[in-house]
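Q: I would like to learn how to read strand pairing and a chain-to-chain contact in a model. Can we work through this one?

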Amino acid sequence: MTLADIRTRLDGLEGRTYWRSLEELADTDEFRAYVHREFPEQASEFRDPAGRRDFLKLMGASIALAGVSACTRQPVERIVPYVRQPEEIVPGRPLFYATSMPQGGFGHPLLAENHMGRPTKLEGNPEHPASLGATDIFGQASVLTLYDPDRSRTVIGRGEVRTWGTFVAAITAAVNTQRALKGQGLRLLTEPITSPSLVDQIRTLLAGLPEAKWHQWDPVYGVRQGGAPTTTAIYRFDKADVILSLDADFLGFGPGAVRYTKDFSSRRRMGTPQDALNRLYTVEPVPTITGANADHRLALKARDVQAFAAAVATDVGVTGAGGGALSAEAGKWIAPLAADLAAHKGRSAVVAGDHQPASVHALARAMNEALRNVGATVTYTAPVAASPADGARSIADLVGDMKAGKVDLLIILGGNPVFTAPADLGFTAALAKVTTAVHLGLYHDETAELCHWHIPEAHFLESWGDVRAFDGTVSLVQPLIAPIYDGHPAIEILATMNGAPGQPAMDLVKAYWTTAFAGTSTPAWTLRNSNGQPFANADTFWRHALHDGFIASTSALLAAPGASAPAGPAPAPPAAAASNAGLEIVFRPDPHILDGRFINNGWLQELPKPLSKLTWDNVAYLSVRTAARLGVANEDVIDVKYGGASARVPVWVMPGTADDVVAVHFGYGRRRTGRVGTDLGVDTFPLRTSAAPWFGSGAEVTRTGDTHELASTQNHFAMEGRHPVRVVTADEFRKNAKAIADLGHNRPPDALSLYDPKVHENTGHKWGMAIDLNSCTGCGVCVAACVAENNIPVVGKAQVKRSREMHWIRVDTYFEGDPAQPEGTYHQPVPCQQCENAPCETVCPVAATVHSAEGLNDMVYNRCVGTRYCSNNCPYKVRRFNFLLYSDFTTPELYAQRNPDVTIRSRGVMEKCTYCVQRINHARVDAKTTGQALKDGDIKTACQQVCPADAIVFGDLNDPTSQVTKLKQTDRNYGLLEDLGTRPRTSYLGVVRNPNEALKS
Amino acid sequence: MSQLFSPRANAWARSSLAAVLTFGVILGWLVFALMRSSWATKQNEFVEQPIQFSHAHHVGGVGLDCRYCHTSVETSAFAGIPPTNTCMNCHSQLWTNAPILEPVRASFRNNTNLMWIRVNDLPDFVYFNHQIHVKQGVGCDTCHGPVDKMPLMYQAQSLLMEWCIDCHRAPEKYIRPRAEVFNPNYKIPANQIEAGLALKKAYNIADARHMTSCSVCHR
């Protein structure tokens, strides 16, 4: 089916049309058969070589034995008490400690749940300004990396297993040699660093060795094309009415994404039709979460963003913005957009993306200044990262020195430059010329393999340290467990090099901060407690800071409110590419694997990537038109040629990609990794050069004729277009408060039901949930949190391909309009709806799924015999069946990660969401024990707690004052497939978009 | 050709059918009986522990309160097994040379854990919570039996689900005043049902529909 056919079909349909995938739009017979199939592929077939007769024989024996198996005696179980029990530990009750996850140098504040010394689940730190209680997906998944059995476990020196002591002796000797040479031959290669104590150690080292050099490289967070901006912008989206994003994915990516999502979504609540909504314009080459939430989205080549920004800047009154050619479609945007921004002076924000050059950042700043936003919605501060180097230039200088034979001792603290360094530099070849290379890393990876020494790094949950959040707030990293695999944090290596071996990291960090507190060093801030009073002594300060997890008053925003760091000289816009011929190549880190650092994390692999819903692979995005022109479709392998290199990448036709753009994701194709990440995806780093780390012109794409199977969950569990997601515009909603209700069929009268009405009369609590589709950004962190909380297994690519992923909550994505240029993208998280008239319950032959007295649709694993009737009868397709033994019962390292409050399911058992019933039970028991009634907000489901948009609200429907009750009374509330009469307890608040009428026509 | 089956064959056929049926019923009954037998449930079985610890001596004789050792019974799902340190509170002064206590001293000396064997072992898909049972007036000995008279610990009840449900359906049959929960010598009053119903009301114990919801114990 061609694009023209699809368009004809779309034109024939009335009203707004929503679709999940191109296959659905094309509506082929194949797709229909797929949707109509009762069970996922191959569930009802028997294809094993053993014949049907053998199968029946085996089954007969199994049934006979199944009865007998109930009579077995339980195996002996041991109880192991402490010898000396730590005072604060109560067996059976978790403890929570504040800590921070460093990523790309920035801190992501966390609250870690610890069960008798085992960290099991990470939550956001509710008091920290960068988290406010939420995390991103990496915060959820990093606890799995802690227990990863494939992490490196021993010091390796020149191919042999060594001890830490041997390494300390070797490094001390090497540094002493360098001391005589003033450090001429010493080079330090780190990831971007904001940690004050680590920077202090590095500065001390460099002070003693003045000719040594410090380089930084991070392929995701530390690279800017065309120079790094001299200042960092921090936004207040809660104060912005109109936002323009210039290729900035501020909601989906980066150290500030969680806080930005909190702020942004707080302006999308629309409790009553009269409430104001913000408006977001996005201009970007590749569809992102931010673009999906835009009221207006323009797909533009990355190189054209500069010209677009210049045109808007000129219109809002910036002089000397320059210009450039713009397409007719982009041209139409300028005047209405500039007028809208100008009409909201001081209440708008222009955001430039990290993938755009410094000149675009300068234009964004000029616009914000012209619009008087600086100090109101935007603050410009000195960069939060210490010694902000332009990563590409920094590593190029290093490789230059390495090639020249100037490097005797190279210390690589974190990162995997052999895999990730720009292809044009030849890092691997240069590394061979280094006399001694030391690598500190979590894994024995490609870089470790080629270095003389490899030191296992301590995971952040095993380390002491400090780190700054995106706004500069100093956050402390405290360990939740002793190093499982004998790892060491970077600061211990630096202390060793500074002549203080054997100093534990805790002493180093504590000494740094208590010295800073004592005033003997000169920190740029004054440390005070939350009452604004100075601390009594160093120890009280330290305990207070550890308890909170951060040192309040260190935020860059507080340092000088309103004032801004001066803008440097305006950088020249990048020279236009010699030719605009060919396709534009755009590089993006894989949304979940990043540069490959999480490739061995099964949770992140299986979490469907935003919008494409792909798992376990990296792809090249092409727009619908470009794919049609090249004659390729999903799963076709293309040969991408750029800068003299080429890579064979599978195609994903992604509606919303700019035309003539090939968006390549990097991070896959790792050569040395663990059991999860081996043989996955393709390595696209050979295409990425230091001159064009994010985009470049002149890529060539050819069909290879090969195909590569991809596992996308986008078509799984489809509900056949029965108005699952309801969208209106703000104007429509203001004119007609029932606009959302009118979009669907009404709930049938209760009198028509054959169900016993008593089933849904709950005298005590009556649990319910409301999910606000307008604030939901579709980031998918609810899925990650559910996996971590509920011990959900990883099934692998082959099983995902068969629609057998086990996630209890999924985020459905719907596109609207022409696939070549979708008008909107909407997300809908779908957990179990906890129907009052639950269709699953009536068909279960063994009563393994029944209603609880509080309205939960309970799932009893030990009763389930695996008929799967319930999942067949579920209109929402939220039940998941363990077709095979997915839970890992054999890897002892992973035992400790599991949540002890949730059963680990075995093969042949159905499972599903129960509103985190373990949390409900704990809270109810505690309330009864203390004699106090449960308050609204005492119980938070895992998905609700982690949601940065606060889109999920859970609570008691019998409590008229609870937030969920109030939400369900608003006009935006509707039930999914309500016309079926299932009376779902989970309901949705419809989407209200706020388009600019001037731009619509 | 003569008849293949004699008239007697009918009787054989009928009786063999009956035999198969009877055999099936007997087999079913056997399986059911075995499942509920104390062999499968381990009820009343003495368990060999690393130390021959006597509850009869410590509770019945010395008169220690249950909570002296099982410290978290009122605050956590798990009642708690005392750390070696708790044993040594007394045994650093008493019976300091008794050979029977050598494993305890060795544990304390070498910082090695004692490995007790769980006596009251519920299946892993059951989430029992001590905290709420103690709070709602379920006495220790209601489930654990006459601990003060057990020289070696054994499982006093079957721990079958029907046993749990029996109380969850009608807790008034078993509950006692909160003050008596830890009293091993508590005498069940003659008017238990009446007193139980009063306590059920006073302690705000949920009705049977709530208490028999699956997710109360299974999740």
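Q: How many bridges join strand β25 of chain A to strand β26 of chain A?

A: Strands of a sheet pair through backbone hydrogen bonds, and the pairing is either parallel or antiparallel. In this predicted model, 6 bridges join β25 (residues 636–642) to β26 (residues 645–653), both of chain A, and the two strands run antiparallel.

Q: Which residue in β26(A) does Lys641(A) stand opposite?

A: Lys641(A) faces Ser646(A) in that strand.

Q: What closed arrangement do β25 and β26 of chain A belong to?

A: A closed barrel of 6 strands, in the order β22-β27-β24-β26-β25-β28, all of chain A, with mixed pairing. From one strand to the next, the twist averages 45 degrees.

Q: How many residues of chain A are in contact with chain B, and how many of chain B take part?

A: The contact involves 38 residues of chain A and 41 residues of chain B. On the side of chain A that touches chain B, the elements giving two or more residues are α4 (52–69), β2 (78–79) and α29 (917–930). Of these, α29(A) gives the most, with 6 residues.

Q: How do the residues on that side of chain A divide into nonpolar, polar and charged?

A: There are 19 nonpolar, 12 polar and 7 charged residues on the side of chain A that touches chain B.

Q: Which strand of chain B is joined to β2(A), and do the two run parallel or antiparallel?

A: β2(A) is joined by 2 bridges to strand β1 (residues 116–117) of chain B, and the two run antiparallel. Within this pair, Ile79(A) has Trp116(B) as its bridge partner.

Notes:
Residues numbered from 1 in each chain as written. Chains lettered and ligands numbered in written order. Predicted model: local features only at pLDDT ≥ 70, side-chain atom pairs only at ≥ 80, totals over all residues. Contact = placed C-beta atoms within 7 Å. Helix = DSSP H or I, 4+ residues; strand = E, 2+ residues; numbered from the N terminus. Nonpolar A, V, L, I, M, F, W, Y, C, P; charged D, E, K, R; others polar. Pairing = 2+ DSSP bridges. Axes fitted to C-alpha atoms, helices over the stretch in contact; angles between N-to-C directions.
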